[in-house]
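Me: Could you walk me through this model with me? I'd like to go one spot at a time.

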Amino acid sequence: MNNLIFFWVLTICAACTVKVDSKNSIDKYKNIKKGRYNVAFLIMDGTFNTELTAPFDIFHHTIFREGIKPMNVFMVANTNEPITSFEGIRLIPDFNYVTDCLPAIDILVVPSAEGHLDKDLEDSVMLSFVKEAAQKATYVTSHCDGAFVLAEAGLLKDIESTTFPGDIDTYRNKYPDQVIHDSILFVHHDKFITSAGGAKSFEAALYLCEIMYGKKVADQLANGLVIDWDLSKVPYLQVE
């Protein structure tokens with residue numbers, strides 16, 4: 001079985017410049033199941049729990065729904081060492097985007113982190129990774145101040161967006177050429193879904209599932225997590 005997994009890893013990583021270490025690659029790819037969408041969550045020290053765990057829970061639960069193409073969910077960081085969230089939870093990255101050959105990313109999720117208004121926006125390696133991954137992904141979602149990362153990476157120049165309500169003015173001042181909305185939970189424009197974050201990150205994730213899988217599956221996901229879900233009652237904007 002390990003030989004089969006290793007062969008698959010080699011096939012996926014054929015276009016990568018990173019040297020593939022057999023045992024390390026098998027370990028990292030063992031939870032990446034074939035025939036699923038790959039969903040990468042960008043984490044770093046100071047990542048806020050809810051903006052990470054809310055969409056992670058929703059997307060992970062797709063594996064329990066029948067008749068759909070479910071999602072592999074995994075965390076990526078610039079290190080192999082544990083990451084400490086803002087609230088103090090230690091998170092172990094699944095992949096190091098600096099040194100590893102990552103699975104092809106279908107959905108990139110950028111949760112908010114403590115440094116997303118300042119020091120993280122100076123991390124050129126992280127911003128380059130986000131830009132490259134976003135360009136190849138089918139969907140890109142941000143939660144709370146994760147929108148600052150997308151904007152700083154130059155991905156939202158012609159995209160309408162939103163962010164954490166308390167940081168709307170800061171967002172507008174920093175990116176005055178962007179169309180920025182407030183008083184709504186999330187904005188869907190092209191492949192980008194930017195959300196206000198917090199507990200409302202659940203709604204943005206359920207919205208994406210309803211787009212991808214339909215209302216029935218989204219309702220099942222919401223019911224499984226005891227969430228009241230009715231898209232018709234959610235204040236959001238879909239830009240045509």
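Me: Where does Ala40 lie?
Reply: Ala40 lies in strand β1, residues 37-42, where strands (E, at least two residues) and helices (H or I, at least four) are DSSP runs numbered from the N terminus. This is a predicted model, in which local features need pLDDT of at least 70 and side-chain atom pairs count only at pLDDT 80 or more, while totals for chains, interfaces and linings use all residues. Residues are numbered from 1 along each chain as its sequence is written, and side-chain values use heavy atoms, with hydrogens and water left out.

Me: Ala40, buried or exposed?
Reply: Ala40 counts as buried because its relative accessibility is 0%; buried means under 20% relative accessible area, exposed over 50% and partly exposed in between, with a 1.4 Å probe and protein chains only.

Me: And what does Ala40 touch?
Reply: Leaving aside residues up to four places away in sequence, Ala40 touches Phe74, Val76, Ile105, Ile107, Leu108 and Val109, contact meaning heavy atoms within 4.5 Å.

Me: Switching to rings, how many aromatic pairs are there?
Reply: The count comes to 13 aromatic pairs, under a rule that pairs rings of Phe, Tyr and Trp (its six-membered ring) if their centres lie within 6.5 Å, and calls planes under 30 degrees apart stacked, over 60 edge-to-face and the rest tilted. One of them is Tyr29 with Phe95, whose ring centres are 5.4 Å apart and whose planes are at 75°, so the pair is edge-to-face. That pair links distant parts of the chain, with Tyr29 in helix α2 (residues 22-29) and Phe95 in strand β5 (residues 95-96), 66 residues apart.

Me: What about Tyr97 and Phe129, how are they arranged?
Reply: Tyr97 and Phe129 are stacked, at 4.4 Å centre to centre with 10° between the planes. Tyr97 is in the loop between β5 and β6 (107-110) and Phe129 is in helix α4 (residues 124-136), 32 residues apart. Tyr97 counts as buried because its relative accessibility is 11%, and Phe129 counts as buried at 12%.

Me: Last topic, at what angle do α7 and α8 pack?
Reply: Helix α7 (residues 201-213) and helix α8 (residues 215-224) pack at about 145°, with their axes 7 Å apart; axes are lines fitted to C-alpha atoms, for helices over the stretch in contact, and angles run from 0 to 180 degrees between N-to-C directions.

Me: Which residues meet there?
Reply: Leu206, Cys209, Glu210 and Tyr213 in α7 meet Lys215, Val217, Ala218, Leu221 and Ala222 in α8.
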